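Trainee: Please walk me through this one. I'd like to pick a few spots and work out what's going on there.

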Amino acid sequence: MPHKPPTKEELERRKIVGINEETITDVASSDYPLHYPGEEHSWDIDAFRRGFSIQFHHNDPFEASFSLIGIDASIANAFRRTMIADIPTLAIETVFINNNTSVIQDEVLSHRLGLIPFKGGHEGLHKFLKWWRKPTDETLVNSSYYDYNTVSLRLEIQCEHNDKAAPGETDPTKLYKHAHVYARDIEFCPVGRQDRYFSGADTIAPVNPDILIAKLRPGQEISLSMHMHKGVGSDHAKFSPVATASYRLMPVINIERPILGADAEKFARCFPRGVIGLKKVTAKEAAQEGSGYEGHEGEVKAVVVDPMRDTVSRECLRHEEFKGKVKLGRRRDHFIYLVESTGQWESDAIFLEAVAHLKKRARDLEKQVVNMVR
Amino acid sequence: MSREEYQIPTGSASASVGGGAGAGAGGSSSYNAPAVRDYTGSGADGGTMYYMCGDCAVRVPLEKGAAIRCQKCGARVLYKERTKRMVQFEAR
């Protein structure tokens, strides 16, 4: 029997992960060689180029959402993991505590300081600043700090009684001076060439100045200096440039038989707002034989408006009246990314950097393989 | 003298042990290390030890053999002062 090439519908069907009431079908992709008799499906750069596209949904400095369509899960996941764990940022790494009489312990305070996200001039952060490596010889540590690998910060704060407080005042922030220590109290101490890269709007400062670090009472003091270094998220989560970088697959909702009238309204309520819309059945549809709309002209019917907003809660599958009328799924090669930056990078730049990073790693691997074969 | 050796928290001679190693490069450092804190008060006279009052957190100078009592509020709980050495932590 000669092999017939797959129809467009068949190719589309192969991309869908089926979602049933309690099971999920066709989880793995099947577009690889020897899966379908007579079909090639070996990876091809031209075929990839033809099928690949990117859509931006929104792109703000702290949150970007975009879709990669026509890409394999392995690559999509590599991008996500690279964004989380391999894009370098600057964070507090060492804390030198001169005095800390607050109720928060030195270790806990240091840990809290480390987690504060900082921002600064992009040129300085990404080009000027280099890695700091701890010298193997402990005695050389103090001479390993340079302006291009270490950023100095300082936090000096003392809590005192506020003489101007109204009598009977109970709010500690009014009763005392510096009762709360915030991230904005951290002072940047430029060294060497750092003035050139981190001054004015480019100064190194916390992204969120209102992060509460500690609470003090009169007589208590925090006096410490800090060193920031570059690091990657695989070392510690504080170095991760993203609050989260995640993706989900594009939901697919297929209404296979008409859902009409009150059922349509109930159906719309099974989904998040904006996913399902209600439309009037037109005279033309009602006249069409076998469409399921015969004699229903003017009634409302459910139509899919924006499947991307669906959370795939499967609520509609629980109701008897929708049995067999709707099919849920997800597109296996449509990844909707959500990248939330912590502030040191622009959200979209994190993704571009992840692509560059993966490319570089592939080149490095290629070199290694070539050396191995030689 | 070893850094780990016990030091009586009086006397100003040993007040600058450690010190946050400043990132100094190029010589043109504009970073000034925080001034060394004076833990001994102005009238440092050898035999006086300072404690923290457990009630009002005031610094209480105590002579040898003196009653253990805060001069300000009369509380009888006094705490030892924290080490004046710089302590280094990893922010993890």
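This is a predicted model: local features need pLDDT of at least 70, side-chain atom pairs count only at pLDDT 80 or more; totals for chains, interfaces and linings use all residues.

Trainee: Where is the place of V312(A) in chain A?
Mentor: V312(A) has a positive phi, near 55°, even though this residue isn't a glycine. To place V312(A), look at the elements on either side: β17 (300-304) and β18 (326-341). So V312(A) sits in the loop between β17 and β18.

Trainee: Is V312(A) buried or exposed?
Mentor: Buried means under 20% relative accessible area, exposed over 50%, and partly exposed in between (1.4 Å probe, protein chains only). V312(A) has a relative accessible area of 13%, so V312(A) is buried.

Trainee: And why does D26(A) count as partly exposed?
Mentor: D26(A) also has a positive phi, about 55°, without being a glycine, and the loop holding D26(A) runs between β2 (24-25) and α2 (45-51) of chain A. D26(A) counts as partly exposed because its relative accessibility is 47%.

Trainee: Which helix does S347(A) lie in, and how buried is S347(A)?
Mentor: The helix covers residues 347-373 of chain A, and that is α10. S347(A) is buried because its relative accessible area is 0%.

Trainee: Which backbone nitrogen does the side chain of S347(A) reach at 3.4 Å?
Mentor: Polar contacts are pairs of N or O atoms within 3.5 Å; within protein, one must be able to donate a hydrogen and the other to accept it, and residues adjacent in sequence count only if both atoms are side-chain atoms. A polar atom of the S347(A) side chain lies 3.2 Å from the backbone nitrogen of E63(A). At 3.4 Å, the S347(A) side chain reaches the backbone nitrogen of S341(A).

Trainee: Which side chain does H57(A) make a polar contact with?
Mentor: H57(A) is in strand β3 (residues 53-59) of chain A, and H57(A) is partly exposed because its relative accessible area is 29%. Leaving out residues up to four places away in sequence, H57(A) touches S65(A), F66(A), S67(A), M308(A) and I336(A) (a contact means heavy atoms within 4.5 Å). One of these is 10 residues away along the chain, with a C-alpha separation of 7.6 Å. The side chains make their polar contact at 2.6 Å, and the partner is S67(A).

Trainee: Over to chain B: what is the order of the 3 strands in the open sheet?
Mentor: Chain B has 0 helices and 4 strands. Two strands pair if DSSP finds at least two bridges between them, and 4 bridges join β1(B) (residues 49-53) to β2(B). The edge strands, each pairing on one side only, are β2 (59-62) and β3 (78-80) of chain B. The pairing is antiparallel, and the order is β2-β1-β3.

Trainee: Which residue of β2(B) is the bridge partner of Y51(B)?
Mentor: Remember that β1(B) and β2(B) run antiparallel. In β2(B), the bridge partner of Y51(B) is V60(B).

Technical notes:
Residues are numbered from 1 along each chain as its sequence is written. Chains are lettered from A and ligands numbered from 1 in the order in which they are written. Side-chain values use heavy atoms; hydrogens and water are left out. Helices (H or I, at least four residues) and strands (E, at least two) are DSSP runs, numbered from the N terminus.
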